[in-house]
Amino acid sequence: MRLRQARDAKRLTQKDAAQALGWGPAKIIRIETGQVGISDTDLKALLQLYGITDPDQVTTYVEMARQSRKQHWNIYRDILNQDFLIYLGFEGSASMLRQSEALILPGLLQTEEYARAVIHAFNPPDTSPQLMERQLEVRIKRQEILDRADPPTLTFVLDEAVIRRAVGAADGSPKVMQRQLAHLNDLGSRDNVHLRVVRFDRGAHTGLMGPFVILTFPDPGDDELLFLENGPHSLATRDDANVISFYAQQFLELEKIALSETDTAQLIEQVRAEM
């Protein structure tokens, strides 16, 4: 993020920076989205290009780069598919996220106990507790973007089934879901988080075709990313503008039939009380 901001300050596109250093544009993209670490040599070349030469500033960047190499999403390569790993790298640098979900709450909105219940339900019975704990670790770590200094704008359109499904109630107690719904409304009170629900009485709608996420980035020159979440067959793409445009239009249609944010918050509280 800091490197992207430094590039923006010099009014350079990713392509400009790459050409100036004799790199491919994909290298700049992977560095800025956290898909790969960056060597000290490459970092100093970028800083020189961006006019950052103060020794103290350079030292700060070098230390950040060394820390980032220790905290890469690739340490979860054994439990996550490649497209989701790609998506995670982009999610961390997005300025806006739009997500449609018809069955389960998006991972960014889940409480730990809700997430644990979902992970347990989605894994085969013989899955080791250690593996499921690592899956939970990824989910919770993703949520750090909610509390960073410059969080993205997050807009979620959820089917009513999402807030009514009593996840975590295998023992007959609704407490997990009650706490999850309270957390949902807490998040919805933030200026950058927008929650909308499509009521059952709106009938069939395009959101029932499957969950999807569209990421938008600060640089107008950066293409949006579409993520179609479907377990092991998930897809992350920035290459097909027509497909991305199709899903963007579907999201607009869903927003038209969804409750307002205020009415959504009231419905969530009503459902929590009923539970």
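Which residues have the most contacts inside the largest nonpolar core? They are Tyr87, Phe156 and Leu215, in a core of 44 residues. The model is predicted: local features need pLDDT of at least 70, side-chain atom pairs count only at pLDDT 80 or more, and totals for chains, interfaces and linings use all residues. Residues are numbered from 1 along each chain as its sequence is written, and side-chain values use heavy atoms, with hydrogens and water left out.

**View 1. Tyr87 and the nonpolar cores.** A nonpolar core is a set of buried Ala, Val, Leu, Ile, Met, Phe, Trp, Tyr and Cys residues joined through side-chain atoms within 4.5 Å. Buried means under 20% relative accessible area, exposed means over 50%, and partly exposed lies in between (1.4 Å probe, protein chains only). Contact means heavy atoms within 4.5 Å. With neighbours within four places in sequence left aside, Tyr87 is in contact with Leu97, Arg142, Val213, Leu215, Leu225, Phe227 and Ala236. A second, separate core has 17 residues, including Leu3, Ile52, Val58 and Ala65.

**View 2. The two sides of helix H4.** Helices (H or I, at least four residues) and strands (E, at least two) are DSSP runs, numbered from the N terminus. H4 spans residues 40-49, and its buried residues are Asp40, Asp42, Leu43, Leu46 and Leu47. These residues lie on the same side of H4 because they cover an arc of only 160° around the axis, the arc being that of the directions from the helix axis to the C-beta atoms. Thr41 and Gln48, on the other side, are exposed.

**View 3. The salt bridge between Arg98 and Glu224.** A salt bridge is a side-chain nitrogen of Lys or Arg within 4 Å of a carboxyl oxygen of Asp or Glu. In this pair the closest N and O atoms are 2.8 Å apart. The bridge links distant parts of the chain, 126 residues apart: Arg98 belongs to strand E1 (residues 96-101), and Glu224 to the loop between strand E4 (212-216) and strand E5 (225-228). Arg98 is buried at 13% relative accessible area, whereas Glu224 is partly exposed at 25%. Thr216, in strand E4, is buried with a relative accessible area of 16%. Leaving aside neighbours within four places in sequence, Thr216 is in contact with both Arg98 and Glu224, and also with Ala94, Ser95 and Met96.

View 4. Glu253 and Lys256 form a salt bridge with an N to O distance of 3.4 Å. Glu253 is partly exposed, at 32% relative accessible area, while Lys256 is exposed, at 61%. Arg272 is partly exposed at 27% relative accessible area, and Glu269 is partly exposed at 35%. An α-helix has 3.6 residues a turn, so residues three or four places apart point the same way.

**View 5. A network of salt bridges.** Which residues are linked in this network? Its members are Glu160, Arg164, Arg199 and Glu274. The count of salt bridges comes to 16.
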